Amino acid sequence: MNQKFSLKRIGLLLRRYFIENQNYELYLWSILTIVFMIFRNGNSASAILIVTGALYAVRFFKVFNFAPNGIQYLLIPATQLEKTISVFLLNTVYFILMFTVVFSVGNVIGNLLEQLIFSTSDTVALQFFQSSKSFEFNIQGLKNIWISFGVFAAIQAIFTLGSLYFKRNAILKTLLSLFVVAVALGILEYFIFKITFGSVTETLKALNAGDFVWDENIFPKALTETWKIFWTISGYLFIPFCWIVSYFRLTEKEI
Amino acid sequence: MIQIKHVEFSYSRNAQLFTGLELSLSPGHIHGILGKNGEGKSTLLKMISGMIFPQKGEIEVLGYEPRKRQPEMLREIFFLPEELPPITLSIENYEKVYAPFYPHFNHEQFQGYLQEFEINSGKSQINKLSYGQKKKVFMAFGLATNTKIVLLDEPTNGLDIPSKAQFRKMTASALEEERIMLISTHQVRDLDSLIDSIIIMNSHQIVFNELCENITEKLLFSYGKEKSEGEEVLYSEENLRGFDQVSINKTGEESKLDIELLFNTVLKNHQRIREIFSNQNNKRF
């Protein structure tokens, strides 16, 4: 057996999760199916996805809230990498798949019931990433899905990391940390604009929010392009960065 | 084999727990760690299992560094903490989930231990069992994993009197040549006739580490109506019947080891005990 990485051990970790949490899983997905029978538009689905996803993510390292649980988890004969991967698979890949299935099933049932009870003839909206019902399977549509998935995956990664750092009230503390980071970045941004361009209001106006449609009279095109690339790369690196930090945090975890 | 060399550890900057801790444990024995509350017995077990890391020094368990928590080491360690995790699974499902991680786990053995402990239904939810019963389930599982190292932290806490006897019987029967069993307790009487090696901690140090056969060879445990005086008497304790005492065994007389008396003797007369045992060839600390 490979001592560094074993798919069999990952399989056992996943099996452990499903057997230990079968009731939780059953309740969660049943409740969400009912919710999606009622709320059948993409906007509510996206909001529910983010909230339930975050709640789902922080559960994984809740074991460290109570020492005997933490000891039991750390003593499971699997590497910390395998444990991190199993958590990633569950709270990102499995969650989004189940969410899609449950959203679709809820929508179909909800729609059928509505047709039966109220004799309506609405079409079924089977895309929770799109707020418009006119979603088409094209490059732009896929790009939107990819971005939405990215946002979800980033939130999952942040909340997983938060649950490893904070023993209690991980959700609240993670949100608070995000707020603190945002305020700190805002202050930094304020001073950079003030020192570099003189006026913060004018600079923000020229930046045209976050759409990278910057005023070329103030910002050279090269800067806009560089900034755009920087943000794209940062966005892609942010998720693996959070997971790598989570892995090291788990490796160094003491109880 | 467990080797602890020059280990330093503290939970906070101001309170050093271990300084230069040394310990060597060989397989084929049931080692009992005795010590007052707060001596660091549980911390020592956690360090051996890789749950906490020493700030300085080295720990080697079966040739592995515990802090790395490698699967090949973890599958050879079973650690039963004093406080038990709340498990929402049935006994049957618990076995289904955790047994595959331990390559030497034996289902028949597990069932046998459960029967011995009079825990009948595998379908019982572990969480719904009493503390003592829960402990028995974990102990039965731990022994059935057939790991090379078994660490038990205060295993007899919460067990009723018959269960304590069953525990001693089962633990003794589970000892094998390649297995190290390390039991930490402050209830010394519970380990009577179970352990064959005694480690005593005092002031966060290992002050005594001897095999039981060496102890009775060097020390004499006796009872008398009158208190004996003399240089060879190391410790004396008055009770309703008279006096229990520990003295230097000069005549090679055989006596029954009284762990509680030994513990008190070591704490009261630590220096002399050290001198007595440092003369023997198989010195262990």
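These notes go through the cores, domains and chain contact of a predicted model.

1. Two domains in chain B. The domain assignment divides chain B into domain 1 (28-49 + 65-195) and domain 2 (211-278). Between the C-alpha centres of domain 1 and domain 2 of chain B the distance is 32 Å.

2. Where the domains of chain B meet. On this boundary, six residues of domain 1 of chain B are in contact with four residues of domain 2 of chain B. On the domain 1 side, four of the residues are nonpolar and two are charged, with no polar residue.

3. The largest nonpolar core. This core has 80 residues, and the members that touch the most others are B:Ala140, B:Leu151 and B:Ile198. Helix H5 (residues 131-144) of chain B gives the largest share of the core, seven residues. Domain 1 (28-49 + 65-195) and domain 2 (211-278) of chain B each contribute at least three residues to this core. As background, nonpolar side chains in soluble globular proteins tend to be buried together.

4. B:Ile198 and its contacts. Which residues does B:Ile198 touch, leaving out those up to four places away in sequence? They are B:Gly32, B:Leu34, B:Phe208, B:Glu210, B:Cys212, B:Ile215, B:Ile259 and B:Leu262.

5. B:Phe167 in its helix. This residue is part of helix H6 (residues 161-174) of chain B. Why does B:Phe167 count as buried? A residue is buried if 20 or more other C-beta atoms lie within 10 Å of its own, and B:Phe167 counts as buried because it has 24 C-beta neighbours inside 10 Å. Not counting residues up to four places away in sequence, B:Phe167 touches B:Met139, B:Pro155, B:Thr156 and B:Leu159. One of these, B:Thr156, is eleven residues from B:Phe167 along the chain, and their C-alpha atoms are 7.8 Å apart.

6. The contact between the chains. Chain B supplies 24 residues to this contact and chain A supplies 21 residues. On the side of chain B that touches chain A, at least two residues come from each of helix H1 (41-49), helix H2 (71-74), strand S5 (77-80) and helix H3 (91-98) of chain B. By class, that side of chain B holds 14 nonpolar, four polar and six charged residues.

Terms used: Residues numbered from 1 in each chain as written. Chains lettered and ligands numbered in written order. Predicted model: local features only at pLDDT ≥ 70, side-chain atom pairs only at ≥ 80, totals over all residues. Core = buried A, V, L, I, M, F, W, Y, C linked by C-beta atoms within 7 Å. Buried ≥ 20, exposed ≤ 12 C-beta atoms within 10 Å, placed from the backbone. Helix = DSSP H or I, 4+ residues; strand = E, 2+ residues; numbered from the N terminus. Domains from an automatic or database assignment. Contact = placed C-beta atoms within 7 Å. Nonpolar A, V, L, I, M, F, W, Y, C, P; charged D, E, K, R; others polar.
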